[in-house]
Amino acid sequence: MSVDIFENLLNKPSIFKDERKLDINFIPDTLPHRNKELSLLSQLFLTLLTNPNEISRKVLVTGRTGIGKTVTVKFFGNLLVKAAKKKDISISYIHVNCRKERTSYKVMIKIIRSINKSFPKRGYSPQDLLEIIDDFLNTHNLHILIILDELNYLINNDNDLIYSLTRLNDDSYNVPQRISLIGIVRDVSCINNLDNSTLSTLQRNIIRFENYTNEQIFDILKYRAEISFKKNVLSDELIEMISDIVSLNGDIRYGLNLLWKAGKIAENKNLKLISSECIRLANQDMVPFSTLDILKDMTSQKLIFLLATILHLKTNNENRITFLEILKPYLILCENAGLRPRSYSQLWNYLQEYKKEKLIYVKLQSKSIRGRKALIEIPDIPLLKFERIVRDILNSKGVKI
Ligand SMILES: Nc1ncnc2c1ncn2[C@@H]1O[C@H](COP(=O)(O)OP(=O)(O)OP(=O)(O)O)[C@@H](O)[C@H]1O
Ligand SMILES: [Mg+2]
């Protein structure tokens, strides 16, 4: 029986071209909208190629969560190693996540084992390890770029290592400089806890990653979708819908998870492409959405207009509708419920309130000379579920539709 399940799954055509490319640790071939940061890094580290082992660089990268700090720095590490190889210079880069390796000892072991795999795990002090690394680099004529990611975890735990790494060989004249550093932190203020000399070293070169704009989020997700899904599986309109959700907090990681989940839901439903409902379901699956309280406090009239919006989106299977399109189903619902319809301006206010309450998104689209058109969408909740909830609440308020 279970063999058949696997057989069926294996024979089922997939909508994914390569789902591993949606993995958050995957490093893609290009990084849209991070060229500026990559070229800044390249300028700072150029000296490692022009004057090998004469200078060591220490750089701090900062910026909000999920905006590509880790992926950009890793991508840069690969570029640097490749460029060095072409010039017959030995450079390695080592990525250490300080949230996982929370002590100097663990960080040092991680570094040394990445350049010397057979190194024993125990029996040395961090200071010993530093010397061993230094010796190893000298005998192998190697320069290493250490990326200390989520460095803030180490700053509060163990400042000595950061001090040692940033100051290593700084006091010696004419000695090869073989260790460079890139520290990554979300909030730059955390480095204020460091001693003055380390602080001044790190503050000399800070690269601030800006948040992505809505359009940039769209481009990035479109690119990641293109390399992961088969052709025509996901429309631009739906990528825009996902971008709208992601832009609420700007974390691309959330967008990648949403793409993957929506793809899996579509496959489960035996669909050949991803629908807006798949995205709603995936999104709902990911965040607990506490709309219930907001809905319970709404007046019946406001609930009816919301229900009309949901019904129109659902029955027409559209992703976006206009204000005017909601009026017809709204008038029918009012008639069924025996309620007097509200004025246009009151209904328009309802829409603005839904928007504030994050129940709907309103997109303004420029339309010729006649001005702008408001397009309404509901990406957060599956429409069927949303309809049921609103109907139940209306019922509990004694409104029969
Ligand atoms: N410009 C981009 N192009 C393609 N993918 C991107 C881009 N920016 C970010 N990503 C992807 O988004 C996800 C989050 O990026 P990353 O892990 O680099 O964030 P971060 O800034 O390090 O966040 P945190 O502070 O939470 O560690 C990764 O899977 C990454 O591959
Ligand atoms: Mg990161």
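This is a predicted model: local features need pLDDT of at least 70, side-chain atom pairs count only at pLDDT 80 or more; totals for chains, interfaces and linings use all residues.
1. How many bridges join β1 to strand β5, and do the two run parallel or antiparallel? There are 3 bridges between β1 and β5 (residues 206-208), and the strands run parallel. Residues are numbered from 1 along each chain as its sequence is written, chains are lettered from A and ligands numbered from 1 in the order in which they are written, and side-chain values use heavy atoms, with hydrogens and water left out.

2. Now the whole sheet. It is an open sheet of 5 strands in the order β2-β3-β4-β1-β5, with parallel pairing. Two strands count as paired if DSSP finds at least two bridges between them; strands are DSSP runs of E with at least two residues, helices are runs of H or I with at least four, and both are numbered from the N terminus. β2 (91-97) and β5 stand at the edges with a single partner strand each, so one side of each has no neighbour in the sheet. From one strand to the next, the twist averages 15°.

3. How enclosed is β1? 5 of its 5 residues are buried (under 20% relative accessible area; exposed is over 50% and partly exposed in between, with a 1.4 Å probe and protein chains only), so the strand is largely enclosed by the rest of the structure. In a regular strand the side chains alternate between the two faces of the sheet. Here K58, L60 and T62 point one way, V59 and V61 the other way, and all are buried.

4. Helix α5 (residues 104-115) lies across β2 and β3, running at about 145° to β2. Helix α11 (residues 236-246) is mostly covered, with 8 of its 11 residues buried. Those buried residues include S243 and D244, along with L238, I239 and M241.

5. Next, a helix pair. α15 (residues 300-316) and α17 (residues 344-356) pack at an angle of about 80°, with their axes 10 Å apart. The axes are lines fitted to C-alpha atoms, for helices over the stretch in contact, and angles run from 0 to 180 degrees between N-to-C directions. That makes α15 roughly perpendicular to α17 (65 to 115 degrees; under 35 is roughly parallel, over 145 roughly antiparallel, and the rest oblique). The contact (heavy atoms within 4.5 Å) is made by Q301, K302, F305 and L306 of α15 and L347, Y350, L351, E353 and Y354 of α17. By class, this contact has 6 nonpolar, 1 polar and 2 charged residues; Ala, Val, Leu, Ile, Met, Phe, Trp, Tyr, Cys and Pro count as nonpolar, Asp, Glu, Lys and Arg as charged, and the others, Gly among them, as polar.

6. The structure holds 9 aromatic pairs, meaning rings of Phe, Tyr and Trp (its six-membered ring) with centres within 6.5 Å; planes under 30 degrees apart are stacked, over 60 edge-to-face, and the rest tilted. F305 and F323 form an edge-to-face pair, 6.2 Å centre to centre with 70° between the planes. The pair links distant parts of the chain, from α15 to F323 in helix α16 (residues 323-337), 18 residues apart. F305 is buried at 0% relative accessible area, and F323 is buried at 11%. The rings of F305 and Y330 are also edge-to-face, with centres 5.2 Å apart and planes at 85°. Y330 sits in α16, 25 residues from F305, and is buried at 0%. One aromatic cluster takes in F305, F323, Y330, Y344, W348, Y350 and Y354.

7. Most residues other than glycine have a negative phi, and most peptide bonds are trans. D88, not a glycine, has a positive phi of about 60°; D88 lies in the loop between α4 (69-86) and β2 and is exposed at 75%. E150, also not a glycine, has a positive phi of about 50°. E150 is in the loop between β3 and α7 (152-155), but counts as buried at 15% relative accessibility.
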